[in-house]
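Here is a short briefing on one protein model. Look over the sequence and the 3D view first, then work through the points by topic.

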Amino acid sequence: MRHGKKFNHLGRKEGHRKALMRNLASAIIEHKRINTTLAKAKALRVYLEPLVTKARKGSAHDRRVVFSYLQNKTAVTELFGPIAEKVGERPGGYLRIIKTGFRRSDAAEMAMIEFVDYNEVYTAGKSEGGGRRRRRRGGSGKGKGAETAAAAATAAAATSAAATEEEE
């Protein structure tokens with residue numbers, strides 16, 4: 001019986017699945033971004049994020065444990081070196097999965113999985129150490145937000161009209 005075994009087996013036996021995860025994890029550590037199916041990307045995130053957390057601690061025991069998972073010395077060195085330095089302050093969530101559409105041959109849903117801190121496109125617009133926004137739930141979108149947006153639009157129109165009158 002498979003009670004309590006809720007991870008995705010990916011249609012493979014245990015040995016094949018372990019080899020697949022090792023190879024995918026080594027590839028993403030080496031290249032910082034890979035394209036794969038969505039199911040494999042989600043399984044890889046569950047597999048790799050605890051290893052990155054161990055790399056942040058950086059002890060010799062953690063290095064041995066990570067090597068037992070990856071079986072690749074260069075990947076372990078890269079993980080404990082530049083990657084651990086870059087994600088040192090992050091409290092988790094080291095990987096990002098972006099859906100990229102469907103594969104033509106078999107219509108499998110594809111995704112790009114990458115390290116969050118290695119994508120300069122997303123981090124270029126962000127300011128350092130900015131405060132977090134508070135999100136509020138509920139509402140149909142017709143409440144105060146719509147009124148303030150309309151008020152802001154009319155205020156902008158009034159200021160532009162006043163500016164044109166001053167010029168004349």
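**A loop residue to start**

K32 sits in the loop between helix 1 and strand 1 (33-37). Helices (H or I, at least four residues) and strands (E, at least two) are DSSP runs, numbered from the N terminus. This is a predicted model: local features need pLDDT of at least 70, side-chain atom pairs count only at pLDDT 80 or more, and totals for chains, interfaces and linings use all residues. Residues are numbered from 1 along each chain as its sequence is written, and side-chain values use heavy atoms, with hydrogens and water left out.

**Positive phi**

- K32 counts as buried, at 15% relative accessibility. Buried means under 20% relative accessible area, exposed over 50%, and partly exposed in between (1.4 Å probe, protein chains only).
- Most residues other than glycine have a negative phi.
- K32 has a positive phi, near 70 degrees, and is not glycine.
- A107 also has a positive phi, near 60 degrees, in a residue other than glycine.
- A107 lies in the loop between strand 2 (95-102) and strand 3.

**The whole protein**

- The protein has six helices and three strands.
- Along the sequence, the pattern is α-β-α-α-α-β-β-α-α.
- The protein has 168 residues, and buried residues make up 29% of them.
- The accessible surface of the protein is about 12400 Å². Carbon and sulfur atoms account for 51% of that surface. Accessible areas come from the Shrake-Rupley method with a 1.4 Å probe; for residues, only the protein chains shown count as cover.
- Take the contacts between residues at least 6 apart in sequence: 54% of them join residues at least 24 apart. Contact means heavy atoms within 4.5 Å.

**Helix 1 against helix 2**

- Two packed helices are described by the angle between their axes and the distance between the axes.
- The axes of helix 1 and helix 2 come within 10 Å and cross at roughly 80 degrees. Axes are lines fitted to C-alpha atoms, for helices over the stretch in contact, and angles run from 0 to 180 degrees between N-to-C directions.
- Helix 1 and helix 2 are therefore roughly perpendicular to each other. Angles under 35 degrees count as roughly parallel, over 145 as roughly antiparallel, 65 to 115 as roughly perpendicular and the rest as oblique.
- On the helix 1 side, L20, M21, R22, L24, A25, I28 and I29 take part. They meet K40, A43, L44, Y47 and L48 in helix 2.
- The contact of helix 1 with helix 2 has ten nonpolar, no polar and two charged residues. Ala, Val, Leu, Ile, Met, Phe, Trp, Tyr, Cys and Pro count as nonpolar, Asp, Glu, Lys and Arg as charged, and the others, Gly among them, as polar.

**Helix 2 against helix 4**

- The axes of helix 2 (residues 38-57) and helix 4 (residues 73-86) come within 9 Å and cross at roughly 85 degrees.
- Helix 2 and helix 4 are therefore roughly perpendicular to each other.
- L51, V52, K54, A55 and R56 in helix 2 meet L79, F80 and A84 in helix 4.
- By class, this contact of helix 2 with helix 4 has six nonpolar, no polar and two charged residues.

**The largest nonpolar core**

- The largest nonpolar core has 32 residues. A nonpolar core is a set of buried Ala, Val, Leu, Ile, Met, Phe, Trp, Tyr and Cys residues joined through side-chain atoms within 4.5 Å.
- I28, I29, L48, L70, L79 and F115 touch the most other members.
- Helix 1 (14-31), helix 2, helix 3 (60-70), helix 4 and strand 3 (109-115) each supply at least two residues of this core.
- Helix 2 gives the most to this core, with nine residues.
- L48 touches A25, I28, I29, L95 and F115, not counting residues up to four places away in sequence.

- S26 lies in helix 1 and counts as buried, at 11% relative accessibility. Leaving aside neighbours within four places in sequence, S26 is in contact with L70, N72 and A75.
- M110 is in strand 3 and is buried, with a relative accessible area of 17%. The C-alpha atoms of M110 and T36 are separated by 5.8 Å, though the two are 74 residues apart along the chain.
- R2 lies in the segment before helix 1 and is exposed, with a relative accessible area of 52%. Leaving aside neighbours within four places in sequence, R2 is in contact with F7 and H9.
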